[in-house]
Amino acid sequence: MCGQEKQDRYHTNRQRMLDWDLAGRDITDPRVLAVMAEVPREEFVTDSYRPQVYSDGPLPIGMGQTISQPYIVALMTQELRVDRKCEVLEIGTGSGFQTAVLSRLAKKVYTIERFGELAESAQAVLGRLGVSNVEFHIGDGSCGWPASKLPPSGCFDRIMVTATAPSIPKPLVSQLVDGGLIVVPVGCGGSQRLMRCEKKAGKLDEKRICDVRFVKLLGKHGFEQ
Ligand code: SAH
C-alpha cells in the first residue's frame, strides 16, 4: 500500500471508531471527540499492529504492556474533566497515546513510566508530533511525582492512573489538590472497576464508573508482582 492509500485507510477507520466506538456509545464531550480525532494512534504502535490500530481494542506495545482501547482512553479522559488550567499527573506512560490526548486538553502533563524503554519511545513519538507540554519521569509512579520536581503549586489538579491498583495509592491522594479529581482502575484480574474520585476536605468521594481490564500497577503502593 502506498503512503496516500494508508492515510486514506487510517482516515476511514478513525472516522468509524469516532462514530461507532466513541460517539456511538457514551462519549459526548466534543473536546474529547475532537482530540481523539486528532491524535494519530498509528504513531504509537509498531508496523505490524497498524492495520488494526483503529479497532476498539488494546494492542501490545512491548515489555508485556498494552496501549489501551480507544473507548477506554476517551472515557477516562472525559471522566477526568481536564481543561487548559489543569496540571495533570499520569501514571503509566506506556505508548504515550493517552499522554498525547491529555496534553491537548491540559496546561501541562507530568507522566511516569517504570520501563525506561517505553518512556523513551513515548518521548520520541511525542517529540515528533510536536508536543511540548509534557514532562517525563522513569520510576515507580505509585509513589507519586518526585517531591524535588513538583510544580510550584506542590500538587496536581487531576491524576490519571492507567494500570490497575490494589487500592488508591496514598501518595497520589496527597499530591491531589483539594477539589481535584483522580481516575483510577482498582482491583485485580477479572474484578477491576474504574473509579473517579473527588478530593473533598482531604478525603476521597468515590464513584464507580464501570468494570475494566488493565495491566497491574507494580510498585511500593501497587501490586508486588
Ligand atoms: N496509557 C498507556 C497504558 C499503558 S499500560 C497507553 O495507552 O499506552 C500501563 C502502563 O503502566 C505500562 O506501561 C506499565 O509499565 C506502567 N506501569 C505499571 N506500574 C507502574 C508504576 N508503578 N509506575 C509507573 N508505570 C507503571
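Start your tour at strand β2, which gives the most to the shell around the ligand, with three residues. Strands here are DSSP runs of E with at least two residues, helices are runs of H or I with at least four, and both are numbered from the N terminus. Residues are numbered from 1 along each chain as its sequence is written. The model is predicted, so local features need pLDDT of at least 70, side-chain atom pairs count only at pLDDT 80 or more, totals for chains, interfaces and linings use all residues, and side-chain values use heavy atoms, with hydrogens and water left out.

**The ligand and its shell**

Now select the ligand together with the 24 residues around it; S95, E113, D140, G141 and L218 come nearest. By class, the shell holds eight nonpolar, 12 polar and four charged residues (Ala, Val, Leu, Ile, Met, Phe, Trp, Tyr, Cys and Pro count as nonpolar, Asp, Glu, Lys and Arg as charged, and the others, Gly among them, as polar).

Next, show the backbone of G141: one of its polar atoms is 2.8 Å from a nitrogen atom of the ligand. Move on to S68, where a polar backbone atom is 3.1 Å from a ligand oxygen. At R114, a backbone N or O atom lies 3.3 Å from a nitrogen atom of the ligand. The protein buries 99% of the 570 Å² that the ligand exposes when taken alone (Shrake-Rupley method, 1.4 Å probe). Colour β2 (65-67) and β4 (108-113) too, as these are the elements that give two or more residues to the shell.

**S95**

Zoom in on S95, in the loop between β3 (87-91) and α4 (97-103). Is S95 buried or exposed? S95 is buried, because its relative accessible area is 11% and the cut-off for buried is under 20%, with exposed over 50% and partly exposed in between (1.4 Å probe, protein chains only). Its side chain reaches the backbone nitrogen of F97 at 3.2 Å, a polar contact (a pair of N or O atoms within 3.5 Å; within protein, one must be able to donate a hydrogen and the other to accept it, and residues adjacent in sequence count only if both atoms are side-chain atoms).

Select residues 70-80 for helix α3: 11 of its 11 residues are buried, so the helix is largely enclosed by the rest of the structure. Just after α3, R81 takes a positive phi of about 50 degrees.

Finish at M63, in the loop between β1 (59-62) and β2. M63 counts as partly exposed, at 36% relative accessibility.

Technical notes
Near = heavy atom within 4 Å.
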